Amino acid sequence: MKRLRQVSEAEVISEFLRAEFFHSEYDRDREQFERLVYEPDLEQPEENALRRALLFRRRGHMWRELPPGTSWWEVELGPEETGKVNVFPRAQWRSPAQGNFAASHVAEQVQRDMLSENPTLLSVKITSLTALLQREGRKSIVLLIGMDEHHPLTLLEGNHRFIAGMMLPRETMFRRLRFVCGLSPRMEECCWYKTNLPTLSHYLKNRIKYFWDREADVYRLLSRAGTPAKLPSERAGGLAHAADTPQVNSK
């Protein structure tokens, strides 16, 4: 793995949010914030704070488990390094993984299921993504986490896109995907990277502590700022009336 350039946390959050923004948690005010998400100005602290709050609606519980001081890098993966990548050890990946979360193993299982008479919904989605990745356009980002260049990596976001990419020639996969990796020598303290009793206990404590997540309350941020006009007017778009919108449960 080769480090190409260091990436700010604000940029990583912006890309993560872009990939999450189709989910139902954003239905109520998607139009209001779409310019903030799809046309980000990473030089504006107010915008960065709002994007962080929006991301935390869905992924605050995930982001908090990353070790403090995690550094983010855009990286280049070699063909042989895909064997060091593991899928996210949760949810729908348990079934195809069957205890082995290596992305190469999961890809083989999914590919086998694709050829079956009754493919799973996961395989159908991967098939669709594989077709999309063959079209030229904006690169899709994949977020990974790890300790350093020499230890295994885990997919934090972009699991489906990565597995779909593995169905393609490697040159196509690397041309269509952009890899950003969070590195920390303490990454083994994160349950998404290493699942054990101490890391799961830490995760459970945080879920209880942040059951009502003030960091995900976008309207509290807007109210504290006094007015959304502090954002660049040409970028604020639908934010013009955000401060007048009633608070919603944004856990």
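## Overall fold

A contact here means heavy atoms within 4.5 Å, and, of the contacts in the chain with a separation of 6 or more, 73% are between residues 24 or more positions apart. The structure is a predicted model, in which local features need pLDDT of at least 70 and side-chain atom pairs count only at pLDDT 80 or more, while totals for chains, interfaces and linings use all residues. Residues are numbered from 1 along each chain as its sequence is written, and side-chain values use heavy atoms, with hydrogens and water left out.

Of the 251 residues of the chain, 51% count as buried, that is, under 20% relative accessible area with a 1.4 Å probe and protein chains only.

Glu 65 lies in the loop between helix H3 (45–63) and strand E2 (71–76), where helices (H or I, at least four residues) and strands (E, at least two) are DSSP runs numbered from the N terminus. Glu 65 is buried but has no salt bridge, the nearest side chain of opposite charge being Arg 64, 7.4 Å away; a salt bridge would require a side-chain nitrogen of Lys or Arg within 4 Å of a carboxyl oxygen of Asp or Glu.

Not counting residues up to four places away in sequence, Glu 65 touches several residues, among them Cys 190, Cys 191, Trp 192 and Tyr 203.

## Cysteines

With a disulfide taken as a pair of cysteine sulfur atoms within 2.5 Å, the count comes to zero. Cys 191 is in no disulfide, and the nearest cysteine sulfur, that of Cys 190, is 5.3 Å away. Cys 191 counts as buried because its relative accessibility is 0%.

How values were computed: Buried means under 20% relative accessible area, exposed over 50%, partly exposed in between (1.4 Å probe, protein chains only). Lys and Arg count as positive and Asp and Glu as negative; His and the chain ends are not counted.
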